[in-house]
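Q: Can you walk me through this one? I'd like to start with what a contact is.

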Amino acid sequence: MERVIVTSRKSLQDVLSKFDAAVGHPNIEEFWKRVSEATTNVEMEKVIQSALGPSGFMEFARFDHGGVVHKGKIGDYARVFRLVIGNPLIMREMVKHVADAGSYAPVTILVDERPDGVHISYDRMASFLEPYKDAEALKVAKDLDAKVEALLASAALVT
């Protein structure tokens, strides 16, 4: 597994705001309902495309790990968020070639405060799929990695 870590001097809230602006935030229950009601591939793709943000990703879930880890403690504490983002159309392309790719998509991005800044971490999809030795799945995974890493860099960028 290969982990990418980008460190930002921006505040955690600024980093999260950049993610919020870049990824879609559909009502997830409504999204899955609309996907299941689609009767054709074209209809399904339209539903998915409408849920994506400018980055080409949508957020499936957000977990406030810091709020759980530090519950009941007084004072400041490091904040840690796990963002689960992805694009079902990209996942579909990987799963066509390697069914186990469904275990790794959507992807997780960890955003956490540390003394040296806000760390934004991601495990490369290609590193998960490498053992399967499928060139087509790896191509899709590497394209996904490039898009996610561009999103991380953008979120970390001090403007």
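A: Contact means heavy atoms within 4.5 Å. Leaving aside neighbours within four places in sequence, F128 is in contact with M1, Y104 and D123.

Q: Before going on, what kind of model is this, and how are residues numbered?
A: This is a predicted model, where local features need pLDDT of at least 70, side-chain atom pairs count only at pLDDT 80 or more, and totals for chains, interfaces and linings use all residues. Residues are numbered from 1 along each chain as its sequence is written, and side-chain values use heavy atoms, with hydrogens and water left out.

Q: Ok, back to F128. Where is it found?
A: F128 is in helix α6. Helices (H or I, at least four residues) and strands (E, at least two) are DSSP runs, numbered from the N terminus.

Q: And is F128 buried, exposed or partly exposed?
A: F128 has a relative accessible area of 25%, so it counts as partly exposed. Buried means under 20% relative accessible area, exposed means over 50%, and partly exposed is in between (1.4 Å probe, protein chains only).

Q: What about Y104, which F128 touches? Where is that found?
A: Y104 is in the loop between α5 and β4. Y104 is partly exposed, with a relative accessible area of 25%.

Q: What is the phi of K133?
A: Phi of K133 is near 55°, a positive value in a residue other than glycine. K133 sits in the loop between α6 and α7. With 64% relative accessibility, K133 counts as exposed.

Q: Let's zoom out. How many helices and strands are there?
A: The secondary structure of the protein comes to seven helices and five strands. From the N terminus on, the elements run β-α-α-α-β-α-β-α-β-β-α-α.

Q: How much of the protein counts as buried?
A: Of the 159 residues, 40% count as buried.

Q: Which residues touch the most other members of the largest nonpolar core?
A: F19, M94, I109, V111 and I120 do, in a core of 35 residues. A nonpolar core is a set of buried Ala, Val, Leu, Ile, Met, Phe, Trp, Tyr and Cys residues joined through side-chain atoms within 4.5 Å.

Q: Which element gives the most to this core?
A: α7 does, with 10 residues. Elements that each supply at least two residues include α1 (12–22), β4 (107–114), β5 (117–123) and α7 (135–156).

Q: And is there another core? Which residues are in it?
A: Another core lies apart from the largest one, with 12 residues, among them V35, V47, M58 and L89.

Q: Where is S121 found, and is it buried or exposed?
A: S121 is in strand β5. S121 counts as buried because its relative accessibility is 1%. Beyond four places in sequence, S121 is in contact with R3, V4, I5, T108, I109, L110 and L152.

Q: One more: which residues does A22 touch?
A: Not counting residues up to four places away in sequence, A22 touches G53, P54, S55, F57 and L151. A22 is in helix α1, and A22 is buried, with a relative accessible area of 14%. The C-alpha atoms of A22 and A155 are separated by 8.7 Å, although these residues are 133 residues apart along the chain.
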